[in-house]
Amino acid sequence: MEGVLFDLDGIITDTAKFHFKAWKQLAQDELNITLPASFESQLKGISRMESMKLILKFANLEDNFSEKEVFQLANKKNELYLREINKLTQADILPGIENLLDALAANRILLSIASASKNAPLILEKLGLLNRFDAIANPENVANGKPAPDIFIEAAHQIGLSPEKCVGIEDAPAGVIAIKKAKAVAVGVGDDAELNEADVVVNKTSNLSYLLLVDTYDK
Ligand code: B16
Ligand code: MG
């Protein structure tokens, strides 16, 4: 193992609740619908525009808006989301993550972010983690979102490695599939059954460790 490719939302910090709060408010204000709670997990790892389209489809409104209008709606959601993100501090880093980053750095493992979020640099800055990563893959530079492998391939290339030399860490089923398609080793965080394509699954971030990653890679 020479590199680790980190998903951001759900692995480094829990922004899913802020995404959902913003989507819920947008759906209420602009579409006059109430989003069911199931959307919170359904939108994990899915890009902003794809999420917007899924919500319009749910509301049976997909033919009512032009591409430009869909983009404007998604922008409104992002403004609502940014209000929450701006309140993030170091205290919002998920348990065990700082220790894991320390152990990986001590073992000279290269670290890269493979997030669908265009807000990844801002979130890492708010958490005080920006300088702990060797690269952040830009989701605007990849053609296809998760479950396509593109963002993990890009994240590996950004640290000069092929994905085969890396372990990817994800909380979303679409993300685990993306890691496997990229031919990296997949560590899932969450529900065993939901993330069954991963090489190993732990139920919470505090159970992640350097040894677990190395052992899983070497298996
Ligand atoms: P943004 P990840 C994903 O992040 C989120 O899980 C997903 O809910 C969100 O829509 C997506 O980022 C795009 O985020 O609107 O900030 O660009 O899990 O891939 O780190
Ligand atoms: Mg995630």
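This is a predicted model: local features need pLDDT of at least 70, side-chain atom pairs count only at pLDDT 80 or more; totals for chains, interfaces and linings use all residues.

**Entry: a pair of strands.** I began with β2, residues 110-113, and found that this strand pairs with β3 in the parallel sense over two bridges. Within that pairing, I noted I113 standing opposite I136 of β3.

**Entry: the whole sheet.** Next I asked myself in what order the strands of the sheet run. I read the order as β3-β2-β1-β4-β5-β6, six strands in an open sheet with parallel pairing. At the edges I found β3 (135-136) and β6 (200-202), each of which pairs on one side only.

Entry: I looked up the confidence and saw that the chain has an average pLDDT of 97, with 100% of the residues at 70 or higher. For the model I also wrote down an ipTM of 0.92 and a pTM of 0.93.

**Entry: around the ligand.** Which residues come nearest to ligand 1? I counted 19 residues around ligand 1, and the nearest of them are L8, D9, S115, A116 and S117.

**Entry: one proline.** I then turned to P36 and located this residue in the loop between α1 (16-31) and α2 (39-42). Is P36 buried or exposed? I found 10 C-beta neighbours inside 10 Å, so P36 counts as exposed, the cut-off for that being 12 or fewer. Last, I checked P36 against V142, which lies 106 residues away along the chain, and noted 30 Å between their C-alpha atoms.

Definitions and conventions
Residues are numbered from 1 along each chain as its sequence is written. Chains are lettered from A and ligands numbered from 1 in the order in which they are written. Helices (H or I, at least four residues) and strands (E, at least two) are DSSP runs, numbered from the N terminus. A residue is buried if 20 or more other C-beta atoms lie within 10 Å of its own, exposed if 12 or fewer, and partly exposed in between; C-beta atoms are placed from the backbone. A residue is near a molecule or strand if its C-beta atom, placed from the backbone, lies within 6 Å of it. pLDDT is the predictor's confidence in each residue, from 0 to 100. Two strands pair if DSSP finds at least two bridges between them.
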